[in-house]
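Please consult the sequence and structure shown here while reading.

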Amino acid sequence: MGGDIAIVGIGETPYSRARVKKGEIVMSAEEYTAWAASLALEDSGLTKGDMDGQGLAVVGSEWPHSEIWSAEIVQNLGFKPKLLLRGDFGGTNAVELIVQAAAALKAGMVDYVLFAGGDSPMLPPGENPNRTWRYELDYMRPFGLMGFISLAALMMQRHMYLYGTKQEHFGKIAVTQREHARLNPNAYVKTPMTMEDYLNSRILSDPLRMFDSTLFVNGGLAFILTKKELADKHAKNPIYILGYGLVHNYAEGDPALPDITTTGVKVAARDSLEMACISREKLDFLQLYDDFTGAVLMQIEDIGFCNKGEGGKFVEQTDISYRGTLPVNTGGGLISNGQPGMAAGFVQVVEAVKQLRGEAMNRQVNGARIGLVSGLGALAYGSNFANAGALILGVEP
Amino acid sequence: MNERKYEKPLPEVTPLTKPFWDSTKRHELVVQRCKSCGRYIWYPKAWCPFCGSRELEWAKVSGLGTVYAATTTRIVAGNSPAWGEELPYTIAIVDMDEGFRMYGRVVDVKPEEVEVGMRVEIYFEDATEEIAIPIFRPLEKKK
């Protein structure tokens, strides 16, 4: 692919958990989608009218969850796209839609694709829409599983059992990401956290702690993709997509009895680096999908920074902060930035663009020129994630 | 049957899944097996996910398996509050002897005593007159 496509505008709204008594704002997924889109358009110097006849990519909203949500968004917000894309890929929504949009841009179907991701999983407060997989309703909830919490805990337990991984290893990831969130003006969680705080935090399902887990927030993120030929016509420096990789239903070993400590990012990251013609040592940072700390640790192994099973020791011995040798999740990640529902994967993309533009302020990775973004989506029955993807972004095509 | 109303979630029984739920009601474990490649399939699928054959049959299996991973559940989240009365309890991934993988609770053993590699057997809790839910317990009771 080699830099044919670029990101020329980004937008990120403030986040909220819709706690009215604490003065937090309450907005719908649709309002966040519009807000984020307007911020990205402004950032790029484009207008809503410029998007007529172009591409629009939206994410499957968790609320409201209507059957044909993309057309509802188009109608309600008055978009007139030629190409309409909707992600139902969970944590890989951003990566998968970027790959689809890049194909349409390269085919000459459109010149721009606006990615508008908004979601309000915390709205309305107290209500819990029944939004999940058929197999969870039939073969998980009646069997006593607590969804994400059970599956994340089982992955971490298996990793600890096989490799002697310690809770402090997961803790280092949580503590580092919290430090990043405290340096990120837009991150939701700002409370300081020490390793002691982490080790004293509530266990949800052994060994998964509250501070290992993603935090749902309401919010929106957006960005704009265009072709290389148009990339320099915008207000900010373009950030190029140098490579990508996608894999679905990946299983390490026997597909019926897979190793749940290895994710599809192993394949997706390898493919994305090959397409970009670079080695992983060239990466200045990683924005890894982090619905829990264990996913970060597994991906560091899967990308190949150490052997499978050595992630705990690697994290212990490596500075993964923004000033370290391998900066990871420099904006706080989903764990401390917050996870805006199904727009989750947009968080990693927008943070990567900020780093590569040099706009990350107090958490800026010095001299960042190239970085990796990953996505993991759809918790699988008997495995880990059904969807996995990776992108390589850089300042030069 | 229990006189108390069963408040935990129940599965939806469809034509595809009815043979499975009929078997659990008889306290037997029956899963799909591919007539073409011979693999056992859990949960019920529309064709063999390994080879694509639509020639599937229902086969009685041993109900024996080995714990692959286990976690002690300490809170209710994303499931019915009715589970609260059971906390804490163990959820495990169990690799069944016939080569398929199931999730389930492991009971009749303290959560901290459930270990990877533990041999377990399936049994069935009669939730309603129509539905019995598979549960695991240690194969060889200690003491």
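The sections below describe a predicted model.

## Helix α9 of chain A and its partner α8

Two packed helices are described by the angle between their axes and the distance between the axes. In chain A, helix α8 (residues 265-276) packs against helix α9 (residues 293-303) at an angle of about 50°, and their axes lie 8 Å apart.

On the α8(A) side, the residues involved are A:Val265, A:Lys266 and A:Ala269, and they meet A:Gln299, A:Asp302 and A:Ile303 of α9(A). Sorted by class, the contact of α8(A) with α9(A) comprises three nonpolar, one polar and two charged residues.

## Helix α9 of chain A and its partner α5

Helix α5 (residues 148-163) of chain A also packs with α9(A): their axes come within 9 Å and cross at roughly 50°. The helices α5(A) and α9(A) are therefore oblique to each other.

Helix α5(A) contributes A:Met155, A:Met156 and A:His159 to the contact, while α9(A) contributes A:Thr293, A:Gly294, A:Leu297, A:Met298 and A:Glu301. By class, the contact of α5(A) with α9(A) holds four nonpolar, three polar and one charged residues.

## The interface of chains A and B

The size of an interface is often given as the accessible area lost when the parts come together. Between chain B and chain A, the buried area is about 3400 Å², with carbon and sulfur atoms giving 61% of that area. The contact draws 39 residues from chain B and 37 residues from chain A.

Three salt bridges are found across the interface of chain B and chain A. A:Asp254 forms a salt bridge with B:Arg39, in which the closest N and O atoms are 2.9 Å apart.

## Salt bridges in the model

Side chains of opposite charge can pair when their charged atoms come close. Over all chains, the count comes to 31 salt bridges.

In chain A, the side chains of A:Lys354 and A:Glu12 meet in a salt bridge with an N to O distance of 2.5 Å. This pair links distant parts of the chain, with A:Lys354 in helix α12 (residues 344-357) of chain A and A:Glu12 in strand β1 (residues 5-12) of chain A, 342 residues apart.

Note on methods. Residues are numbered from 1 along each chain as its sequence is written. Chains are lettered from A and ligands numbered from 1 in the order in which they are written. This is a predicted model: local features need pLDDT of at least 70, side-chain atom pairs count only at pLDDT 80 or more; totals for chains, interfaces and linings use all residues. Side-chain values use heavy atoms; hydrogens and water are left out. Axes are lines fitted to C-alpha atoms, for helices over the stretch in contact, and angles run from 0 to 180 degrees between N-to-C directions. Helices (H or I, at least four residues) and strands (E, at least two) are DSSP runs, numbered from the N terminus. Contact means heavy atoms within 4.5 Å. Ala, Val, Leu, Ile, Met, Phe, Trp, Tyr, Cys and Pro count as nonpolar, Asp, Glu, Lys and Arg as charged, and the others, Gly among them, as polar. Buried area is the accessible area (1.4 Å probe) that two parts lose on being put together, summed over both. A salt bridge is a side-chain nitrogen of Lys or Arg within 4 Å of a carboxyl oxygen of Asp or Glu. Angles under 35 degrees count as roughly parallel, over 145 as roughly antiparallel, 65 to 115 as roughly perpendicular and the rest as oblique.
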